[in-house]
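Visitor: I am new to this structure. Please show me how to read a few of its features.

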Amino acid sequence: MNVDDLVFTVHGPTTAIEQLEVVVDLYRAAFEKPPAEMEQGVGWLTQAWARRTSAPGFRLVVASHDGAPVGAIYGHQIGESWWESAIGIPSDVTKEWPGRTVAFIDMMVRPAWRRHGVAKRMHALQLADRAEERATLLVNPANTNARAAYIKWGYERAGAIEPVAFPGKSYDAMLLDGLGG
Ligand SMILES: CC(C)(COP(=O)(O)OP(=O)(O)OC[C@H]1O[C@@H](n2cnc3c(N)ncnc32)[C@H](O)[C@@H]1OP(=O)(O)O)[C@@H](O)C(=O)NCCC(=O)NCCS
């Protein structure tokens, strides 16, 4: 298993719209969730796909081996509503303007392909030639593997977010400053 055997495809909005099935398939393979929560997650992903792919700055990176997708990351620019459930994050951080921040929504690698630098490579392709000045993402504090990756890539914890869509859950809001924009 070698990351150099993979093909990395970067999709903009036009071709990403046709990749929903691939993304859902990877989501099911990567996330361990109870069945009802999994179906809810897939439902939200599916429902939001047209809106997400048409958001400014949308990009989807898919890693494939012999034509079979093994990982993906997608994200797009955000508005201030992203931060509306923020806890303990200063207003100069939660302030948004068009093009300030790209958020990565889902990052997933099939279990068999983990720890070979697939996410690292996909993340680098997400950041390449970005116009935004910073990147953000949410991580469950108990997700130590993902958290370790984000810290290694230079993200810092800005505070917590308790999304309206996930009552009772708290996520670490991670920020990576100093992108090209
Ligand atoms: C998080 C995830 C995307 C990482 O993918 P990956 O391709 O295995 O990550 P990489 O191989 O590029 O590793 C990047 C860094 O993450 C950290 N990391 C990843 N897996 C780790 C593990 N099992 N233990 C400790 N650190 C880990 C390491 O710092 C690693 O760098 P290193 O190997 O040079 O030490 C993958 O584990 C996954 O799909 N998890 C389930 C879905 C998920 O939780 N997604 C993130 C939340 S949206």
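We take the ligand and then a pair of helices.

Guide: This is a predicted model, where local features need pLDDT of at least 70, side-chain atom pairs count only at pLDDT 80 or more, and totals for chains, interfaces and linings use all residues. Residues are numbered from 1 along each chain as its sequence is written, and side-chain values use heavy atoms, with hydrogens and water left out.

Visitor: Which polar backbone atom is 2.7 Å from a nitrogen atom of the ligand?

Guide: A polar contact is a pair of N or O atoms within 3.5 Å. The backbone atom belongs to Met 107. The side chain of Lys 152 has an N or O atom 2.8 Å from a ligand oxygen atom.

Visitor: How are two packed helices described?

Guide: By the angle between their axes and the distance between the axes. Axes are lines fitted to C-alpha atoms, over the stretch in contact for helices, and angles run from 0 to 180 degrees between N-to-C directions. The axes of α2 (residues 20-30) and α3 (residues 35-53) come within 11 Å and cross at roughly 155 degrees. Therefore α2 and α3 are roughly antiparallel (over 145 degrees).

Technical notes. A polar contact is a pair of N or O atoms within 3.5 Å; within protein, one must be able to donate a hydrogen and the other to accept it, and residues adjacent in sequence count only if both atoms are side-chain atoms. Helices (H or I, at least four residues) and strands (E, at least two) are DSSP runs, numbered from the N terminus. Angles under 35 degrees count as roughly parallel, over 145 as roughly antiparallel, 65 to 115 as roughly perpendicular and the rest as oblique.
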